[in-house]
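Subject: Structure for your review

Dear colleague,

Please find below the sequence and structure that I am handing over to you. My findings follow directly after it.

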Amino acid sequence: MHSRTPTNTTGLTLPSYERDDSSHPALATPEYGSTRLRAPQRPLQLLPQNLTEVTGPVLGHERVGATDHDLTVQHGGEPLGERILVSGRVLDSDGRAVPDTLVEIWQANSAGRYCHVGDQHPAPLDPNFSGVGRCMTDSEGNYRFVTIKPGAYPWGNHTNAWRPAHIHFSLFGRAFTQRLVTQMYFPGDPLFYQDPIFHSVRDPRARERMISRFDLDTTVPEWALSFKFDIVLRGSAATPFEDEEDEH
């Protein structure tokens with residue numbers, strides 16, 4: 001995003017940003033059908049933060065449970081599928097660590113089905129996998145999850161449409177009003193070419209920043225493969241973020 005400083009009717013200078021639509025998905029992407037229904041039809045209006053926003057619920061370690069980061073131990077038995085590790089760092093535009101920020105993930109199970117009433121894909125649910133986790137970044141901006149590799153699944157966007165395997169990420173600042181949402185993909189997925197959500201990011205270099213990388217050094221022998229996914233919040237190397245939360 002490119003920063004600018006508009007002035008409101010009170011004469012106060014307010015921070016704002018202009019979207020970089022080559023690096024982030026456009027609000028309306030014709031190939032991605034549901035954006036036609038949820039993209040704004042009128043010019044966006046700047047809503048400056050007031051006391052309610054800056055004094056909202058403070059996020060911290062006490063709100064994260066001991067097993068929230070490990071999606072494989074949250075139930076009575078082990079989930080089905082390929083166990084994986086997903087880790088990385090949250091960084092600002094200058095490459096500095098972003099500590100103590102809440103990172104949340106949600107995903108389909110290994111059969112490609114979400115544990116949600118809205119998902120009626122005829123694939124099995126896993127009673128030992130809900131597909132939701134969260135953790136706080138440490139002092140160096142590191143996060144780490146243990147989970148199951150999600151499966152691909154069909155969706156009704158176009159003929160024979162399938163979503164590549166992916167994990168949704170949500171990052172919070174100091175309040176729930178400070179939220180960024182993105183998706184992490186896996187290297188070499190054969191479904192990239194026909195996924196309009198992936199291609200809603202126009203710049204191929206920016207799309208590459210949504211793809212994790214396999215990391216043998218942090219793979220745990222005889223237990224779990226490891227994938228690295230760093231998240232950059234701003235600047236020319238920023239991770240593409242969604243403006244609207246995608247249910248798929």
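I begin with Phe145, which, setting aside residues up to four places away in sequence, touches His69, Leu71, Ile84, Leu85, Val86, Val103, Ile105, Gly133, Arg134, Cys135 and Phe169. Please bear in mind that this is a predicted model.

Phe145 also has a place in the largest nonpolar core, which has 22 residues. Together with Val103, Tyr143 and Phe169, Phe145 is among the residues with the most contacts inside that core. As general background, nonpolar side chains tend to be buried together in soluble globular proteins.

Ser212 is placed in the loop between helix H4 (204–208) and strand E11 (213–214). Is Ser212 buried or exposed? Ser212 counts as buried because its relative accessibility is 3%, and the cut-off for buried is under 20%. Leaving aside neighbours within four places in sequence, Ser212 is in contact with Met184, Tyr185, Phe186, Pro187, Phe227, Lys228 and Phe229. The C-alpha atoms of Ser212 and Gly88 are separated by 9.4 Å, and these two residues are 124 residues apart along the chain.

His121 lies in the loop between E4 and strand E5 (132–136). With a relative accessibility of 16%, His121 likewise counts as buried. Residues up to four places away in sequence not being counted, His121 touches Ala111, Gly112, Arg113, Tyr153 and Pro154.

Finally, two residues deserve a look for their backbone angles. Most residues other than glycine have a negative phi. Asn160, however, has a positive phi, near 50°. Asn160 is found in the loop between strand E7 (153–154) and strand E8 (162–163), and it is exposed, with a relative accessible area of 60%. Glu222 also has a positive phi, near 60°, and lies in the loop between E11 and strand E12 (225–228). Glu222 counts as exposed because its relative accessibility is 89%, and the cut-off for exposed is over 50%.

Yours sincerely,

A colleague

Methods. Residues are numbered from 1 along each chain as its sequence is written. This is a predicted model: local features need pLDDT of at least 70, side-chain atom pairs count only at pLDDT 80 or more; totals for chains, interfaces and linings use all residues. Side-chain values use heavy atoms; hydrogens and water are left out. Helices (H or I, at least four residues) and strands (E, at least two) are DSSP runs, numbered from the N terminus. Buried means under 20% relative accessible area, exposed over 50%, partly exposed in between (1.4 Å probe, protein chains only). Contact means heavy atoms within 4.5 Å. A nonpolar core is a set of buried Ala, Val, Leu, Ile, Met, Phe, Trp, Tyr and Cys residues joined through side-chain atoms within 4.5 Å.
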